[in-house]
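Biologist: I'd like to learn how to read a structure feature by feature. Can we go through one together?

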Amino acid sequence: MARCYAWVLSNSPDFDVVNHSRGASSSTVLPYALGKIDLSQTDFLVIDVLNNEENFVLLGQTTIEDVKNNLCSALDAAAEHGVVPIVLSFPRQNFLNRERVVHDAIKAYCRELGVVFVDMYEMVEDAVERAPVTVYKRSFFDSVAHIKRPISRLVGSRLADAIRRSFHSNRVANSDHALAFDRIEFCFPEPEAGLIERQNGFATEKIACLGVGESIGLMDSFDVVGIAFNSEMTDSVLSTDREQVISLKGPDKAEGRELMTVILPTRFRSSRLTVTGEPGAKFEFVGYARHTDDRRARTRVARRSVLPVPEFDEQFKKDIALLAVT
């Protein structure tokens, strides 16, 4: 969301922040972003991709294993350049009082890898118990999927303090862990696909604009685990020769906006995708994430000794409880 923790980081004068987040997306945004980020010019990678994954796994659109593959692919690539990861898990209101299989699994992986994991589910629950006033869990939320902006901004402020302190402390050291994963990479469309350029306030995409009956080729013999497209201009169905992959009845168009990149999880194997729909419909294709032949037995992680962060302390929990009721 706008004006939340990323806004705080971006407006910190001592930080240079590039925001590769894409709304309504999944952890498949990680291989997508890694295809754009210059890791040699990066110190920290803030990863916030778990909010939608509980729903996607529950609906069978992805698996915990693929979420792990997306995450570990990013961690391993970041470690190659000494980039320190921080994983955030913001809560969904509809998963507060039920099993959270993705959150719990990724938290366990991060503990095993020594990766900082900011667990906002736990902090909300602790804040309710320790609040100096009566507060209910639902009071922390603007909507089912988003905590209140002032709470998110406080997360950003504390996170900024921790990053500053960490950056000015010990040097980066890489560690190697026995957590196997399948490396995922993102494939952008080739120039011969006749690409067009779309922009919004913070991103530019080169897009293959496909009409009804047109198709695009993929690298054969690999499982595709995510499709990226421009939801602002897409109103059609994208299919293999056996099944639908993405189906949109109409563009998710906001006034004056021509680009909203969405990266959804999926799982299929095919060498070609074809567009169907009403005459004049189109599919604006940004790319796809796929498995590679690269099965890695270990995951590398870059670390700094000052993190994890004491900034998320008892006072923080009291502060977010007060923000929830004001």
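Biologist: Where is the place of Val84?

Modeller: Some ground rules come before that. This is a predicted model, where local features need pLDDT of at least 70, side-chain atom pairs count only at pLDDT 80 or more, and totals for chains, interfaces and linings use all residues. Residues are numbered from 1 along each chain as its sequence is written, and side-chain values use heavy atoms, with hydrogens and water left out. Helices (H or I, at least four residues) and strands (E, at least two) are DSSP runs, numbered from the N terminus. Val84 sits in strand β2.

Biologist: Is Val84 buried or exposed?

Modeller: Buried means under 20% relative accessible area, exposed over 50%, and partly exposed in between, with a 1.4 Å probe and protein chains only. Val84 has a relative accessible area of 2%, so Val84 is buried.

Biologist: Where is Arg100 found, and what does its side chain reach at 2.9 Å?

Modeller: Arg100 is in the loop between β2 (84-89) and α5 (101-113). A polar contact is a pair of N or O atoms within 3.5 Å; within protein, one must be able to donate a hydrogen and the other to accept it, and residues adjacent in sequence count only if both atoms are side-chain atoms. At 2.9 Å, the Arg100 side chain reaches the backbone oxygen of Leu96. Another polar contact, of 3.5 Å, joins the side chains of Arg100 and Glu125. With a relative accessible area of 11%, Arg100 is buried.

Biologist: At what angle do helix α6 and helix α8 pack?

Modeller: Axes are lines fitted to C-alpha atoms, for helices over the stretch in contact, and angles run from 0 to 180 degrees between N-to-C directions. Under 35 degrees counts as roughly parallel, over 145 as roughly antiparallel, 65 to 115 as roughly perpendicular and the rest as oblique. Helix α6 (residues 120-130) and helix α8 (residues 314-324) pack at about 75°, with axes 8 Å apart, and α6 and α8 are therefore roughly perpendicular to each other. On the α6 side, the residues that meet α8 are Met120, Met123, Asp126, Ala127 and Arg130.

Biologist: How many aromatic pairs does the structure hold?

Modeller: A pair of aromatic rings is described by the distance of the centres and the angle of the planes. Rings of Phe, Tyr and Trp (its six-membered ring) pair if their centres lie within 6.5 Å; planes under 30 degrees apart count as stacked, over 60 as edge-to-face and the rest as tilted. The structure holds seven aromatic pairs. One of them, Tyr32 with Phe186, is edge-to-face, at 5.4 Å centre to centre and 85° between the planes. Tyr32 lies in helix α2 (residues 29-34) and Phe186 in strand β5 (residues 181-187), so the pair ties together parts 154 residues apart in sequence. Tyr32, Phe186 and Phe188 form one aromatic cluster.

Technical notes. Contact means heavy atoms within 4.5 Å.
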